[in-house]
Amino acid sequence: MTATADKAATEAVETVTLTIDGTEVTVPKGTLIIRAAEQVGIEIPRFCDHPALKPAGACRQCLVDVASPAGPEGKLRAFPKPQASCTMTVTEGMVVNTQHTSEEADRAQKGVMELLLVNHPLDCPVCDKGGECPLQNQAMSHGRPESRFVDVKRVFEKPLPLSSEILLDRERCVLCQRCTRFSKEIAGDAFIDLQNRGAQQQIGTFDEDVLDFDGYRPVGAAAVDEAGKAFSSYYSGNTVQICPVGALTSAAYRFRSRPFDLVSSPSIAEHDSSCAAIRIDHRRGQVLRRLADNDPVVNEDWITDKDRFAFAWQNLSDRLTRPLVRKDGALVETSWPEALAAAAAGIKAATAADEDGAALGAAVLTGGRVTLEDAYAYQKLARVVLGTNDVDSRARSASDEEQAFLGTQVAGTGLGVTFGELEKAPVVVLVGFEAEDEGGVVFLRLRKSLGRQQVVSVAPYLSRGSEKLGATLVPAVPGREATALAELPEDVREALAQPGAVIVLGERAAEAAGTFVAANELAASTGARLAWIPRRAGERGAVEAGALPGLLPGGRSAASKGARESVAQAWGVPSLPSAKGRSTDAIIEAAAEGGIGALIVGGVSASDLTGDVATAFERTPFVVSLEVRRSEIAESADVVLPVAPPSEKSGTFVNWEGRLRSFATAIRTDAMSDHRVLDLLAREWGVALGTGTVEAVNAEIAALGAAADAERPAAPKARAAGKARTKKGTAVLATWHQLVDEGALQEGEPYLAGTGRVAVARMSQATADAIGAAASVAVSTESGTIELPVVVTDMVDGVVWVPAKSPGSWVARELRATAGAVVTVKGAA
Amino acid sequence: MTDLVPVLSATWGAEKSWSLDTYTEAGGYAPLKKALGMEPGDIIQAVKDSGLRGRGGAGFPTGMKWGFLPPDDGGPRYLVVNADESEPGTCKDIPTMMSAPHQLIEGVAITSFAIGCNHAFIYLRGEVVHVYRRLLQAVREAYEAGHLGKDIHGSGFDLDVTVHAGAGAYICGEETALLDSLEGRRGQPRLKPPFPAVAGLYARPTVVNNVESVASVPAIVDRGVEWFTAMGTERSKGMGLFSLSGHVTRPGQYEAPLGITLRELLEMAGGIREGHELKFWTPGGSSTPIFTQDHLDTPLDYESVGAAGSMLGTRALQIFDETTCVVRAVTRWTEFYKHESCGKCTPCREGTYWLTQILKRVEGGRGTEADIQQLLDTCDSIAGRSFCALGDGATSSIISSVKLFREEYEAHVEQGGCPFDHSAAALFDYSETPATEEAHA
Amino acid sequence: MTYDETTLAQLTEDAAAIIARYPVKRSALLPMLHLVQSVDGFVSPDGIQFCAEQLDLTAAEVSAVATFYTQYKRRPNGEYQVGVCTNTLCAVMGGDRIWDELSEHVGVGHDETTEDGKITLERLECNAACDYAPVMMVNWEFFDNQTPESAKQVVDDLRAGKDVAPSRGPAKVCGFKEVSRVLAGFEDGRADEDQGAGAATLAGLETAKGQGWKEGSK
């Protein structure tokens, strides 16, 4: 394919010129015939071929006639038999004749098509793929109108659940092996493979019933390992999309629609900071499915199962469409004018000065899921209308050190390390970041370079995702990552000195004091570049927008007088608040002590916060909730303002690269974005917030631009945490979110939930022995206990890892602790 | 009249023929010592000059194959012996390894030395356990006698040999499928290029050779190129094991120069069984187009057989007399291909499935005239379209038998059944009772 | 995993020996499946799991291999695997008849095992003994030039617990598990046992000797 402009200048690409169906085409050396044909608009039928997978040559549908110059005179010599165009690379002077210009090729293709249909069932009327099926399409264009097969087709019982989400209809399978090749080559999850031989050959997991093995008893270990279910892969949904027939279907979509009923809208996934390109397919205002959109720069052809399947949350039975106001203790539907007036009145009253002149302030919690425009509106409302810097988007562990880092090295820096650069990096060190569980398609991109790239994981143990990347472990007790970085093995340090080396900091770096300082030192001394990859889709955008207590838009420090003045001027207000703002945790703590007058809350899940959330909301006189769903926080609010879910709005997410990911409204409803609602709310104070439209907000952000160095925060400063004091019966807590877990945005999708990994507690053998743990363990703090089965893992001693929000293991809510905390561990029955 | 030339089979009748002692007494391992004193390049040249062609069916010049190995890059290169003999009618490698395993071991040692291989593998089909015992023992004896292992006979050359048992798959006789199987995978053929010489076992340069090819190397080294080239024809040099089976009086292994004819071999073997006459036969196993009485004088060398419309293959001469129903024979071969099809490519997987059903109907008297044409049409969609030669092999007997015995197919259609008495073809007496049709695996 | 400690220890030791023969450990999979068969009498789900763990493969990858090759049995196999070749040449020479009569005599069909657990019948593909057609294999030892009577006799003798000698091979046919262990690459000391090379094998040699043809002369 054509290289990008700058690449062409630096790399001289060797080309080859050949003729296809009489048309001359020039392509880079090493191009497959089938790709070269596409360049000149010639479509050769195919099934097993896929541009992102290594050639297989299995289906034989793409047969073409090839002649190549041979011998000393370069005379054209025809190959004696037709060749598979998906496995043969072009050579200079080659002459290719496809089905358009060669009878032999046409006959060969028709023959293969007829054979493919020999055992293919007549399922079209009941098959999901009908209407968008490459087999249907190519049978129509390259097949015979009638089949001459009058004998018996081979049959299989169907469908077979490969996992709770993926179903297999074996009769439909044409054995192109795209699914097994994707699983093995791209995702590294060889949970499905070809089984049996010949005409009985089929795709499958090891299922002793299906394969007719005699088991003495159900073999739990063979069928379901501790990593989850049979087809245990976070990327399994991609196989449904690339399956050229209806053999692989998703349980969530099966039988629900025909593709010609659907409207496809390109969009951006809202689930992680990669912000993958997706296609939303909807019908009559309802989203029926989501597919991966091709985006060579970000997610290529793939998305995670979460991106693909977790969209039910946007329209569950608790969806809010009308504003609610609390009257006589109960939330009652009202009109917008009434609700906005009530909200403003309530906030004003709650923050009014009392007879002594003391006043409680307001605080704004945006959550990390909001778009760039929404985040901008929230922080502008906080500063301009509510007169406070108490605004934070981080519904997770956070630190001032992290904020300083974000303000100095992330905000307003544009595009940083990119996916492409990550792929090409000779070495990648991951700190407080699990590529598969927390990075989604970042994992796939790293895996592309397996064998050509050194991956180092600074973590308590090598997770399965890290193993699949061939990573080596730099063991670190949670909270002590800074020390681990300072004491990196010499060979890793040396590797980091190579050009293109990258250090990835996850959002969990904020849980370990001194990590950013240490990372900066490491980067400075080795020349490696830093990339910050948070978990949620709105995190980077919130940083850019200044939705952090210490940051104004563009990376300006809220503590800088000059920054405050220039922003105030741009906003046309006299001044911006100068009092130091507080983080989410501090705000919640203050609120629980009755120290906050009014809380304005966006998309925040109470169960993600470690503070005493219930008391905080109880003791705060006035709470306004902007929500999609009638959540726990909405239920305790005084005014609830409904906002649009991603499918029903336009906006921009900023991904971890710093890349703007804009998306347009897929489904038109009268739901309003947060930034529009806040714009209306601000009018109650007579303030023209200027955040009514996406365009207006983007114009303001552009006008503000990035901060000058002088206006940015001071460089991060923090001391590395010392060793945690653990005594007998305690351990240091390690935890992170599994990709598929009980996160709020995954609610309402049981098929996806069924593919989540089984929640287990991990500890080393020594640790398990020390506490006498046998089959399961109880992990507890003063606040609560989590009991999980134990899996002895090769990891640092004195640490126990549990998943952050999996069934039976909600760390924030139950333990009210974060990674690095000391917890009590006791063996349970 | 061509003489038989017992070379590989010379010691098969000796007392404890398989033992190292017997082999050594007959001059065994002297060629190895001679070879170790030669330049590896010279050994390769000698094999090239001898004109030895792969005895596993394809007939590719062995020396040329060795010559395709890239220059030494410091990494390992492998010799893999294809002992997966499973082509119907082929039964020469099994007796070779049963009766004279050291013949093969010595060949492995010399070949490995010539190509720079320090770890050779023998991939034996799993369904012949006593052969496996003999090979394991022979390898052990060879180690003990210093013919294998470290610094063999002070030459500085190290060689390890692993004897590996397969587990029942004809397709593993295809060299790239064999390599995948040896790597612990399903035996499905690989894309070529890259060819095994460049990227074979474990993606390293590899030579895959048939048992008989490798076992012929010691004799070439010992007796010289001229001796070898004195036998055979201009382009098919040397001797080979001709396996006669079926309706012949004395079936068995007949080692002869390439170019001998079936007429000559039949004479040595006591002719077709008493009271019967030759109807059809395969020159090189079930994957080769069938021959008839018309081809009794076709010299059995690669060129002549090719010119006559078939392939020399493995010299697996299955002899069928007039009591044999061609349709029955072809149907059973087709069922074999269907059973053994690996399933990777559409034409072979679906095609053999379809062909089998048509043939069974025709054989069972439920076929139509259109079915006969359909057989040919389906073969047309397979031959030259499949991923490997198994697909092509499956079509050979069908296409050639319809061409030569179409009237027999038509008779099944017209008469609504098989006009032949199966008991007449059997080598023992019984009275024909309606055979129950049992589903094949 | 239902292997008891001793069995598991032995399996692990044997697996290590097998793996040591190859530069890349995945190559050990085929012999290890034979090893599992030598312990369980078939490829059990436990065996599949064992191989997966030893070779860092998923169970699906192991069963992909185990279901590809016909020698790996998925249900507990009989003590004697009795296979009648019904490929074309043997079938025409009488193999079909042998199969029919034997199957009726024993009372089971293809891939089925007798009640007493002694015999599993199989229709075989070409076993490379065509000059000895019709051929029967018992636990992969050669029974040449069979007739329905001889085949039935062999099977009856086996069921009666008698020692049965093959046409070419060791002194007697061993059990399915013993033979599987050999196929996993462990010698059983029987290589020197012999029933003779066989007339067909020596046919050409004898003819040459009879004619006074010396090797290499023309």
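Biologist: Which residue stands opposite Pro475(A) in β21(A)?

Modeller: Strands of a sheet pair through backbone hydrogen bonds, either parallel or antiparallel. In this predicted model, Ala459(A) stands opposite Pro475(A). Strand β20 (residues 454-459) of chain A runs parallel to β21(A), with four bridges joining them. Strands (E, at least two residues) and helices (H or I, at least four) are DSSP runs numbered from the N terminus, and two strands pair if DSSP finds at least two bridges between them.

Biologist: What is the order of the open sheet of five strands?

Modeller: The order is β21-β20-β19-β22-β23 (chain A), with parallel pairing. The edge strands, β21 (472-475) and β23 (529-533) of chain A, each pair on one side only.

Biologist: How many helices and strands are there in chain B?

Modeller: Chain B has 17 helices and nine strands. Its radius of gyration, taken over C-alpha atoms, is 22 Å, close to the 22 Å from the globule rule (2.2 Å times the number of residues to the power 0.38) for 441 residues, so chain B is as compact as a globular protein of that length. Its C-alpha trace spans about 75 × 45 × 40 Å along the principal axes.

Biologist: How many residues of chain A are in contact with chain C?

Modeller: Contact requires C-beta atoms, placed from the backbone, within 7 Å. By that criterion, 21 residues of chain A touch 19 residues of chain C. β9(A) gives the most to this side of chain A, with three residues.

Biologist: Which conventions apply?

Modeller: Residues are numbered from 1 along each chain as its sequence is written, while chains are lettered from A and ligands numbered from 1 in the order in which they are written. Local features need pLDDT of at least 70, side-chain atom pairs count only at pLDDT 80 or more, and totals for chains, interfaces and linings use all residues.

Terms used
Two residues are in contact if their C-beta atoms, placed from the backbone, lie within 7 Å.
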